[in-house]
Amino acid sequence: MARILSVAALSVLAAVVISAQTSKPAPRLSNGKPDFTGVWDHPRVADISANVKGACASGGRGCSSVVSGELLFTPAGKAEWDKNNKPTTYDYGAHCQPWGFVRSYNTPYPHAYVHHPDRLVIMWEQDNRFHVVPTDGRELPKDLEPSWMGTSVGKWEGDTLVVTTAGFNGRTWLDTAQHPHSDALRLTIRMTRPDYGHLTWDLTMEDPKFYQKPIRNTRTFVLMEKGAELYEYSCSENNRCEGGKCTAADVQK
Amino acid sequence: MPRKLCAVVLAASLGSFVVTPVLAHHSEAAEYDATKPVRVSGVVRKVEWTNPHIWFYVEGKDEVSGLAAVWGFSGAAPNGLRRRGITKDTLKVGDMVKVQGIRAKDGSPNAASRGVTFSDGRQVFTASEQTPAPK
């Protein structure tokens with residue numbers, strides 16, 4: 001009985017500690033805005049049209065991705081989707097090309113922010129890639145050079161950072177389920193930190209070339225425990241079965 | 001994490017690895033055939049603790065196909081395994097193991113591993129992830 005009580009007491013203590021962690025207010029930048037700095041566990045989203053609840057990609061709990069809006073292809077989008085879903089599909093990611101903005105957020109590995117008053121630096125563990133979001137009041141340039149990860153700017157609406165990203169090269173997918181996007185993709189992300197331990201990431205994807213309507217994923221990220229860091233990830237080191245053709249290792253020859 | 005606790009934690013997640021469709025980040029479906037399971041018992045000959053997937057080689061016989069060979073098995077990336085408490089010291093050359101996985105599409109003696117069972121009963125989930133396949 002004493003053992004059961006001890007376990008119960010420990011459970012209550014753990015709940016109190018977690019509660020204290022999450023109920024603390026979000027830290028603030030020197031300009032008074034919420035500071036998103038930290039290493040964040042996010043939900044593994046293999047398919048942007050499916051909800052994810054509870055599990056975080058790196059072992060945490062409380063992550064989620066809730067879909068709203070309908071995923072309706074245009075004829076061009078449907079043609080690309082059909083092309084992607086043939087069994088012999090070439091996955092650019094398997095060839096170590098950049099995963100793209102949305103797909104980088106979907107990965108099995110966490111991401112981090114380094115936040116300053118004039119910029120938000122996003123760092124994904126997947127491929128150890130980074131992306132800078134200026135928040136100094138500049139507008140998104142009109143003539144954007146097409147790129148894998150797009151070009152972003154951020155503006156504050158109260159305590160919500162609204163990040164707009166466009167200028168994609170159209171060579172990435174929105175997810176590993178291979179939902180395509182075109183170079184017309186435009187992302188609007190509304191980011192808030194409602195408390196110390198959580199970040200709300202509300203993504204709207206608009207791509208009139210490939211989708212009839214915007215698609216929205218509202219996600220919750222969970223702050224990883226103190227001391228957690230991003231690890232190294234090098235994509236091209238040992239792709240032995242790249243493209244479906246394996247090369248024999250020395251011990252197999 | 002202590003080895004025993006590690007084994008318990010990992011074993012807890014092991015039960016579903018046989019039946020759960022796995023969608024690896026490298027479009028695993030393009031490289032491996034989920035309908036072709038392999039179960040190889042044998043001795044670990046080599047371990048490559050590398051990105052983007054670890055590889056380990058087991059000399060033994062696949063009880064499904066009957067093929068005896070040095071079987072190559074891919075696993076998750078070192079960063080993902082590290083967060084599960086699995087390090088390069090978990091799997092050693094000379095260990096007797098039984099490995100479950102799905103076979104490479106090219107017919108070579110290679111497979112994507114799902115889990116490893118050691119001779120002392122410890123079970124380690126080595127697959128990239130457990131994620132439902134897309135619709």
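From the N terminus on, the elements of chain B follow the order α-α-β-β-β-α-β-β-β. Helices (H or I, at least four residues) and strands (E, at least two) are DSSP runs, numbered from the N terminus. The model is predicted: local features need pLDDT of at least 70, side-chain atom pairs count only at pLDDT 80 or more, and totals for chains, interfaces and linings use all residues. Residues are numbered from 1 along each chain as its sequence is written, while chains are lettered from A and ligands numbered from 1 in the order in which they are written.

**Exercise 1. State how many helices and strands there are in chain B and in chain A.**

Solution. Step one: chain B has three helices and six strands. Step two: chain A has three helices and 11 strands. Step three: along the sequence, the pattern of chain A is α-β-β-β-α-α-β-β-β-β-β-β-β-β.

**Exercise 2. Describe the contacts within chain B and between the two chains.**

Solution. Step one: two residues are in contact if their C-beta atoms, placed from the backbone, lie within 7 Å. Step two: of the contacts in chain B with a separation of 6 or more, 61% are between residues 24 or more positions apart. Step three: between the chains, 31 residues of chain A are in contact with 34 residues of chain B. Step four: the side of chain A that touches chain B comprises 12 nonpolar, 11 polar and eight charged residues. Here Ala, Val, Leu, Ile, Met, Phe, Trp, Tyr, Cys and Pro count as nonpolar, Asp, Glu, Lys and Arg as charged, and the others, Gly among them, as polar.

**Exercise 3. Trace the pairing of strands β8, β9 and β10 of chain A.**

Solution. Step one: two strands pair if DSSP finds at least two bridges between them. Step two: β8(A) (residues 160-166) and β9(A) (residues 186-195) are antiparallel, with five bridges. Step three: β9(A) also pairs with β10(A) (residues 198-206), in the antiparallel sense over eight bridges. Within this second pair, Met191(A) is opposite Trp201(A), and a hairpin of two residues joins β9(A) to β10(A).

**Exercise 4. Is Thr164(A) buried, partly exposed or exposed, and what does Thr164(A) touch?**

Solution. Step one: Thr164(A) lies in strand β8 of chain A and stands opposite Thr188(A) in β9(A). Step two: the C-alpha atoms of these two residues, 24 residues apart along the chain, are separated by 4.7 Å. Step three: Thr164(A) counts as partly exposed because it has 17 C-beta neighbours inside 10 Å. Step four: not counting residues up to four places away in sequence, Thr164(A) touches Leu140(A), Ser152(A), Val153(A) and Thr188(A).

**Exercise 5. Identify which residues touch the most other members of the largest nonpolar core.**

Solution. Step one: a nonpolar core is a set of buried Ala, Val, Leu, Ile, Met, Phe, Trp, Tyr and Cys residues joined through C-beta atoms within 7 Å. Step two: the largest such core has 70 residues, of which Val58(B) and Ala111(B) touch the most other members. Step three: beyond four places in sequence, the residues that Val58(B) touches include Val40(B), Trp71(B), Phe73(B) and Val99(B).

Note on methods: A residue is buried if 20 or more other C-beta atoms lie within 10 Å of its own, exposed if 12 or fewer, and partly exposed in between; C-beta atoms are placed from the backbone.
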